[in-house]
Amino acid sequence: MANKSRRSFITSVLACVAFIAAAIFSWDLPVKDVLYYLALLLVALFVIIAAAVGFGAVLSWLRRRK
């Protein structure tokens with residue numbers, strides 16, 4: 001049996017997918033636009049993560065330098 005945080009994550013992901021599916025079908029949102037926005041979101045997320053890793057590396061280097 002999955003622990004509580006894992007069940008919450010799975011439930012959140014399923015709710016998100018259901019909302020996107022409802023938007024596609026009820027608002028006649030083109031799937032092409034949904035995929036474009038998803039790709040754009042993933043690129044932005046990658047940029048944020050890369051910036052955080054870079055900032056962490058700089059902080060680590062500054063701490064070791066002293």
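Author: Let us begin with a term. A helix here is a DSSP run of H or I with at least four residues, and helices are numbered from the N terminus. The model before you is predicted. Leucine 41 is found in helix H2, which covers residues 31-65.

Reader: How many helices and strands does the protein have?

Author: The protein has 2 helices and 0 strands. Helix H1, residues 4-26, has 23 residues. From its first C-alpha to its last, helix H1 reaches 32 Å, close to the 33 Å expected at 1.5 Å a residue.

Reader: How should I read the radius of gyration of the protein?

Author: The value is set beside that of a compact globule: for 66 residues the globule would have a radius of gyration near 11 Å, whereas the protein has 19 Å. The C-alpha atoms fill a box of roughly 60 × 35 × 10 Å along the principal axes. As an example of separation, valine 13 and glycine 54 lie 41 residues apart in sequence and 29 Å apart in space, C-alpha to C-alpha.

Reader: Why is valine 13 counted as partly exposed?

Author: Buried means under 20% relative accessible area and exposed means over 50%, with partly exposed in between. Valine 13, in helix H1, counts as partly exposed because its relative accessibility is 36%. Over the whole protein, buried residues make up 5% of the 66 residues.

Reader: Is leucine 41 buried or exposed?

Author: Leucine 41 has a relative accessible area of 55%, so it is exposed. Leu41 also belongs to a nonpolar surface patch, together with Val31, Leu35, Leu38, Leu42, Leu45, Ile49 and Val53. The patch has about 760 Å² of accessible area. The protein as a whole exposes about 6,200 Å², of which carbon and sulfur atoms supply 75%.

Reader: How many aromatic pairs does a search of the whole structure find?

Author: The search finds 2 aromatic pairs. One of them joins phenylalanine 19 and tryptophan 27, in an edge-to-face arrangement. A pair of aromatic rings is described by the distance of the centres and the angle of the planes. For phenylalanine 19 and tryptophan 27, these values are 6.1 Å centre to centre and 80° between the planes. Phenylalanine 19 and tryptophan 27 are both exposed.

Reader: Which residue just after H1 takes a positive phi?

Author: That residue is aspartate 28, with a phi of about 50°. The value is positive in a residue other than glycine. Aspartate 28 lies in the loop between H1 and H2. Aspartate 28 is exposed because its relative accessible area is 64%.

Conventions. Residues numbered from 1 in each chain as written. Predicted model: local features only at pLDDT ≥ 70, side-chain atom pairs only at ≥ 80, totals over all residues. Heavy atoms only, no water. Patch = residues over 30% accessible without salt bridge, like charges linked within 9 Å, V, L, I, M, F, W, Y side chains within 5 Å. Areas by Shrake-Rupley, 256 points an atom, 1.4 Å probe, with all protein chains shown as cover. Salt bridge = Lys/Arg side-chain N within 4 Å of Asp/Glu carboxyl O. Buried < 20%, exposed > 50% of the residue type's maximum accessible area, 1.4 Å probe, protein only. Phe/Tyr/Trp six-rings, centres within 6.5 Å; stacked < 30°, edge-to-face > 60°. Expected span 1.5 Å × (residues − 1). Rg over C-alpha atoms; globule rule 2.2 N^0.38 Å.
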